[in-house]
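These are my notebook entries on the structure shown below. I looked up its sheets and then the surroundings of its ligand.

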Amino acid sequence: MTTVVSSTDAIVDEVLADPTAVLVDGRRRATLSRRALVAPVDGLPWTEIAVGGPREAGEAAEVAARALPAWSATPAAERAAALRAVAGDLDTASTAEGWARLVSRETGKRLAEARGELALSAVYFRVMADLLEEQQELVLQAVPGAVHHVEPRPLGVAAVLTPWNFPVSIPARKIAPALAAGCPVLFKPSEVAPLSSMVLATLLDRHLPAGTINTVLGEPADVVDPWLAHGEVQVVSFTGSTRVGRLVAAAAAPRFLRTVLELGGCAPFIVLPDADVEHAVQTLLVAKYRNNGQSCIAANQVFVAREVAGDFVDAFVTATERLVVGDPLDAATDVGPLAPAGDPARLAALVDDAVAAGARVAGTRASVPDNGHWFAPAVLVDVPAAAAASRDEVFGPVAALSTYDDLDDAVAQHRATGYGLAGYVCGTDVEAAREVSRRLRAGIVGINTGTPNYPGAPFGGLGLSGTGYEGGPQGLEAFQTWRTTAVVGGAAS
Ligand code: NAD
């Protein structure tokens, strides 16, 4: 097992020199099929990447299946050491230039956020290494003459399918527990930001036996279908839209694969009458505009108590007007361009729909460059419950605000969406705010904070936001099965 990596910048150079999204059995593959990658900052194609098809996907599945016996039998301490080595390189990368700039370039997120994503990815690898080493086999001696051993076992080969918006940290939070559990990985990154993910795949390959992680990007049907049909694949972990999540769940159903589905969100952000308005505004700025508003846990429906609505709306509109929209590599930038080319038009339609339903657009919207995928942050005030911006995932820098008189109505309006991922409550009486949070359908809640996520704690959605957990012991167990072995005879009985 190789444990030395000269530098992640060297890996970035290698990935950029001859971009391929096929890395199987430790070997980069050039294929005839290529995809153009477009930079969100100017809308221009800037490179091409070789992608795979059914042949490469099938080969990857065979290689991963062959890797299963050895990787699952690798001692936990050795697997943990490999994960910690990956974490160390991610830490170094978070303060270096190459990888973070590539993440910014592909996704449009600010360089500081790209660095934060690499640092967070390191935490996932380290936390999973720790959790693996803490995990204990249970030995039950309750039945006379028998000993019951209860031990975690790797489920099998894991298929990992990820979105574009966190092209390193979302793969990390799936791949780290899969590898910790002893599962070889089949990884399909997003076609929108594949190069940042390929750097991770290449880095992992340096620290793992060949064939333990195999990466293929291609048409979903070409890649995912053969993977989910392969007999050694036992778990599929998907993050992405609710629409595609349904397709993945259906594809996993015939073989009863374990599914982890981390899907879209429509997070309520509730400002209680006793909230510290200034702090609540700062909290919403983070919860709404982080990652250019393109985070699954972004605040979506903002419900403000009438007692503080005037002050809150004025202050939030002013703060939004001050946001600097620009090049994500520029340190002064608050909001960058959006990676998917169609998102500015999609968001403009969402704003028009809300205005037609009776909302008003507050403040002056910043001017944006002519070329590229830009959308200036917009605040919608008095958004009716029927408007799409209030009942479905916005996924962009548009804030939908409404005023409530009765908290029950706000809670009911959120539950009616069917989503259940994140929620936020702002109030100075923290116990009262926690009581409100318990009424929300949400897997994670921030009380007076816009950043509730922590890799050591489970994170997962309910309802239309999916099923299963990432992070924490539950995130590790997502790739494990518990085996009970009853032993009769021998010294112990
Ligand atoms: P997407 O659903 O369009 O794509 C996600 C992945 O699915 C990509 O790799 C894509 O190639 C693949 N895919 C597309 N069709 C497929 C099919 N038929 N079968 C299998 N895979 C298929 O999502 P996106 O635009 O990349 O990401 C944005 C969405 O992801 C948002 O809805 C966001 O809320 C969600 N998301 C959720 C979480 C979470 O933890 N819950 C985190 C990040 C993003």
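**Entry 1: a sheet of three strands**

In what order do the 3 strands of the open sheet stand, and is their pairing parallel or antiparallel? Working from a predicted model, I found the order E5-E6-E22, with antiparallel pairing. I recalled that strands of a sheet pair through backbone hydrogen bonds, in either a parallel or an antiparallel manner.

I then asked which strands stand at the edges of this sheet. They are strand E5 (138-140) and strand E22 (480-488). Each has a single partner strand, so one side of each is left without a neighbour in the sheet.

I next looked up the pairing of strand E6 (residues 146-154) with E22. The two run antiparallel and are joined by 9 bridges.

**Entry 2: a sheet of eight strands**

I turned to another open sheet, formed by 8 strands. I read its order as E2-E1-E9-E8-E7-E10-E11-E21 and recorded its pairing as mixed. Its edge strands are strand E2 (27-28) and strand E21 (466-467), and each of them pairs on one side only.

Within this sheet I examined strand E7 (residues 157-161) and strand E8 (residues 185-188). They pair in the parallel sense, over 4 bridges. I found Ala 158 opposite Val 185 of E8.

Where does the ligand sit? I located the ligand in the largest pocket. I listed the elements that give two or more residues to the shell around the ligand: helix H6 (169-181), helix H8 (220-229), strand E10 (233-239) and helix H9 (242-252). H9 gives the most, with 3 residues.

Which of the 27 residues around the ligand come nearest? I noted Thr 162, Arg 173, Glu 191, Ser 241 and Glu 393.

- A polar side-chain atom of Glu 393 is 2.5 Å from a ligand oxygen atom.
- A polar backbone atom of Leu 263 lies 2.7 Å from a ligand nitrogen atom.
- A polar side-chain atom of Lys 188 is 2.8 Å from a ligand oxygen atom.

Finally, I looked up how much of the ligand is covered. Taken alone, the ligand exposes 850 Å², and the protein buries 87% of that.

Terms used:
Residues numbered from 1 in each chain as written. Predicted model: local features only at pLDDT ≥ 70, side-chain atom pairs only at ≥ 80, totals over all residues. Heavy atoms only, no water. Pairing = 2+ DSSP bridges. Near = heavy atom within 4 Å. Polar contact = N/O pair within 3.5 Å; in protein donor to acceptor, adjacent residues only side chain to side chain. Areas by Shrake-Rupley, 256 points an atom, 1.4 Å probe, with all protein chains shown as cover. 1 Å grid on protein atoms, 1.4 Å probe; cavity = no way out; pocket = protein on both sides within 12 Å on 5 of 7 lines; lining within 4 Å. Sits in = over half its atoms within 2 Å of the grid points.
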